[in-house]
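Biologist: Before we get into details, could you put the sequence and the model up? I'd like to go through the side chains with you.

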Amino acid sequence: MKTVSLGASRPSTVNFRMPTRDNLVPIRVDVEVDGQRYRDAFTWNPRDPDSEIISFAKRTAKDLKLPANFVPQMLQSIQGQLAEFRSYEGQEMQIKEKIVPLKIDLRVNNTVIRDQFLWDIGNLDSDPEEFARTICEDLNITDPEVGPAIAVSIREQLYEIASQSVSYVREKLSKNKRRAPEFSSNSKAMNNAVDLFKYFGSKGSVIRKRKEWYLYEPVVDVVPSEEGGVTDGKEELNSSSRPKKRMEEVKEASLQSL
C-alpha cells in the first residue's frame with residue numbers, strides 16, 4: 001500500500017493564494033437589522049473592483065426585499081473579509097503537509113450532510129465546486145443549493161490552512177529557532193476537523209484502510225419541512241461571470257488548519 005508521509009517532506013514556499021484552481025475568497029454574511037436577518041455564503045474574486053460589492057449588496061437587498069439599511073452592513077461585512085484576505089497577499093506561505101483531512105457538517109434547507117475526506121492542498125488545480133457537484137451526484141442530492149454550500153465549506157477550510165501557514169512563516173522569520181507548529185484553535189468547528197489527524201499518526205495513506213472506512217462514509221439525512229427552520233438568501237444571482245454561490249443558511253462549516 002502506498003503511503004504519503006505527513007510532515008516528513010520538505011515544505012514548499014509559495015506566495016499566498018487559495019490552494020485551488022480559482023483564487024476565490026469564501027464570504028459569509030450574517031446581518032440583522034430591526035428584527036430581520038439576512039444570512040448567506042458565497043465566493044468572491046478578490047481582483048474585482050470594490051464597486052462590484054456595492055452593486056451586489058444593493059441588488060441583493062432589492063431582490064430579497066430587504067430594507068435599505070441592510071446595504072451598509074452587508075458592505076462592511078464583505079469588505080472586511082476581503083480586506084483580511086488581501087492583507088495576506090504578497091506574503092509567503094508554506095504547505096508543509098500535502099494531504100490533509102477536511103470535514104463537512106452542513107444543513108441546507110431540509111438536507112443534512114456529513115462527510116470527511118482527504119484533500120491534496122499541493123494541487124493548485126483542485127476545484128471545490130466540481131468536487132461538490134460530484135458529491136451531490138454520487139449521493140443523489142437534488143437540492144441545487146447543497147453543492148455551493150459544500151464548496152464554500154471546503155474553501156473556508158483551505159483558506160484557514162493558507163492563512164495559518166502565512167502566520168507560521170511570519171513567526172519563523174522573526175525567530176531563529178522555532179518548533180513545528182501545533183494544531184490548536186479556539187474554533188469548535190476547526191477543532192472538529194483537526195481531530196481527524198489522530199487517525200493518521202505521522203503517516204497517512206491515500207488508500208483508505210478497511211478499518212477506517214466508517215470514518216469516510218458520508219451521511220445524508222432529509223428532515224421534515226417543519227424542522228427545516230428559517231432560511232435566507234435563496235436566489236442565485238448570475239449577474240456576472242464571477243462564480244458567486246448564494247445559498248440557504250449553512251449550519252456550521254468545519255475549519256481546519258495546519
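Biologist: How many aromatic pairs does the count come to?

Modeller: This is a predicted model, where local features need pLDDT of at least 70 and side-chain atom pairs count only at pLDDT 80 or more, though totals for chains, interfaces and linings use all residues. Numbering runs from 1 along each chain as its sequence is written, and side-chain values use heavy atoms, with hydrogens and water left out. Rings of Phe, Tyr and Trp (its six-membered ring) pair if their centres lie within 6.5 Å; planes under 30 degrees apart are stacked, over 60 edge-to-face, and the rest tilted. By this rule, the number of aromatic pairs is nine.

Biologist: Take the rings of Phe 42 and Trp 44: what kind of pair is that?

Modeller: Their centres sit 6.3 Å apart and their planes make 55°, so we call the pair tilted. The pair formed by Phe 117 and Trp 119 also has 6.3 Å centre to centre and 55° between the planes, again tilted. So for Phe 42 and Trp 44 the word is tilted.

Biologist: Is Phe 117 buried or exposed?

Modeller: Buried means under 20% relative accessible area, exposed over 50%, and partly exposed in between (1.4 Å probe, protein chains only). Trp 119 is at 6%, so Trp 119 counts as buried. Phe 117 has a relative accessibility of 4%, so Phe 117 is buried.

Biologist: How many salt bridges turn up in the whole structure?

Modeller: The rule asks for a side-chain nitrogen of Lys or Arg within 4 Å of a carboxyl oxygen of Asp or Glu. Searching the whole structure with it, the number of salt bridges is 10.

Biologist: Asp 221 and Arg 114 link distant parts of the chain, so how many residues apart are they?

Modeller: Their side chains meet in a salt bridge at 3.7 Å, N to O. Asp 221 lies in strand β9 (residues 219-222) and Arg 114 in strand β7; strands are DSSP runs of E, at least two residues, and helices runs of H or I, at least four, numbered from the N terminus.

Biologist: In which helix do Glu 130 and Arg 133 both lie?

Modeller: Their side chains form a salt bridge at 2.7 Å, N to O. They are three residues apart, about one turn, and the helix, spanning residues 128-138, is α3.

Biologist: How far apart are the end C-alpha atoms of helix α1?

Modeller: The expected span is 1.5 Å times one less than the number of residues. With 13 residues, 51-63, α1 should span 18 Å, and its ends agree, being apart by 18 Å.

Biologist: Within what arc do the buried residues of α1 fall?

Modeller: Those residues are Ile 53, Phe 56, Ala 57, Thr 60 and Ala 61. Taking directions from the helix axis to the C-beta atoms, they line one face of α1, because they fall within an arc of 125°.

Biologist: Which side chain makes a polar contact with the side chain of Asp 30?

Modeller: Asp 30 is in strand β3 (residues 25-33) and, at 44% relative accessible area, is partly exposed. A polar contact is a pair of N or O atoms within 3.5 Å; within protein, one must be able to donate a hydrogen and the other to accept it, and residues adjacent in sequence count only if both atoms are side-chain atoms. At 2.6 Å, the partner of Asp 30 is Arg 37.
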